[in-house]
Amino acid sequence: MSADKKIVIATHNMDKQKEMIFLLANMDIEVLTMENFPHIGEIEETGTTLHENSLIKAREVYKITGLPSLADDTGLEVDALNGDPGVYSARYSGENSTYQENVNKLLTELKDVPIQLRTARFRTVVTFVHLGVELYEEGVVEGIIATEIKGIKGFGYDPIFKPLDQKLTFAEMSKDKKSLISHRAKALEKMVQQLNKYFKNGGSIE
């Protein structure tokens, strides 16, 4: 069994695409995005877990393209909100909500919560699908939800998420700094190890 030395990033989210391309840059592989396949529409995320949604996206893009497909799903789990928004992080304030609307809603929900109780974590699950092989990895980073927006870099909840032992929010960090410690970086670092083995072995993980 042989594997094409290509991989499709199964997301229409341009910010995720850019970050994943950056994190996959050291692989000897051609990275394609949804812009290479304009006929692929939005994929409905009907799962109740990050793993399920990640798998749904990777399977659908593989089914359509026939190429190795890599998807992620990411959630912000806030302890004071019993783990919400979690799997619904991207649409926390409603379908088609903006990053700013989601951030504003979260800050409102936590307005009376003291800083020591604003603990949270970003969790990312990345899933790879090709020729009957399905691989997944998870990355987690613990942190605190800041009381105000700080920084203009990054995306999503980055302006209010401060990783533990860090003085800056993700949105205040450089791309290189964030890539060393982020949840997506941790998940993809483990996935890249599996993918290098997979492609080196011609489509086998044995």
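Okay, before anything else: what we have here is a predicted model. Let's begin with charges. How many salt bridges does the structure hold? There are 18 of them, and I'll walk you through a few.

Take aspartate 72 and lysine 16, whose side chains meet in a salt bridge at 2.9 Å, N to O. Aspartate 72 is in strand E3, residues 69–78, while lysine 16 is in helix H1, residues 14–23, so this pair ties together parts 56 residues apart in sequence. Are these two buried or exposed? Aspartate 72 has 2% relative accessibility, so it counts as buried. Lysine 16 is buried as well, at 12%.

Next, lysine 57 and glutamate 45. They form a salt bridge with their closest N and O atoms 3.3 Å apart. Lysine 57 belongs to helix H2, residues 50–65, and glutamate 45 to the loop between strand E2 and H2, so parts 12 residues apart in sequence get tied together. Lysine 57 counts as buried at 6% relative accessibility, whereas glutamate 45 is partly exposed at 26%.

Then there's arginine 121 with glutamate 142, a salt bridge at 3.0 Å, N to O. This one links strand E5, where arginine 121 lies, to strand E6, where glutamate 142 lies, 21 residues apart. Arginine 121 is buried, with a relative accessible area of 13%, and glutamate 142 is partly exposed, with 35%. Some salt bridges also share partners: Lys16, Glu19, Asp72, Asp158, Lys178 and Arg184 are joined that way into one network.

Tyrosine 99 sits in helix H3 and phenylalanine 155 in the loop between E6 and strand E7, so the pair ties together parts 56 residues apart in sequence. Tyrosine 99 is partly exposed at 35% relative accessibility; phenylalanine 155 is buried at 15%.

Phenylalanine 128 and phenylalanine 199 make an edge-to-face pair, 6.2 Å centre to centre with 75 degrees between the planes. Here strand E5 meets helix H5, so the parts being tied are 71 residues apart in sequence. Phenylalanine 128 is buried at 0% relative accessibility, and phenylalanine 199 is buried at 11%.

Last stop, a cluster: Phe122, Phe161 and Phe170 form one aromatic group. The charged end of lysine 178 sits over the ring of phenylalanine 170, 5.3 Å from its centre. And lysine 178, remember, is part of that salt-bridge network.

Notes. Residues numbered from 1 in each chain as written. Predicted model: local features only at pLDDT ≥ 70, side-chain atom pairs only at ≥ 80, totals over all residues. Heavy atoms only, no water. Salt bridge = Lys/Arg side-chain N within 4 Å of Asp/Glu carboxyl O. Helix = DSSP H or I, 4+ residues; strand = E, 2+ residues; numbered from the N terminus. Buried < 20%, exposed > 50% of the residue type's maximum accessible area, 1.4 Å probe, protein only. Phe/Tyr/Trp six-rings, centres within 6.5 Å; stacked < 30°, edge-to-face > 60°. Lys NZ or Arg CZ within 6 Å of the ring centre and 35° of its normal.
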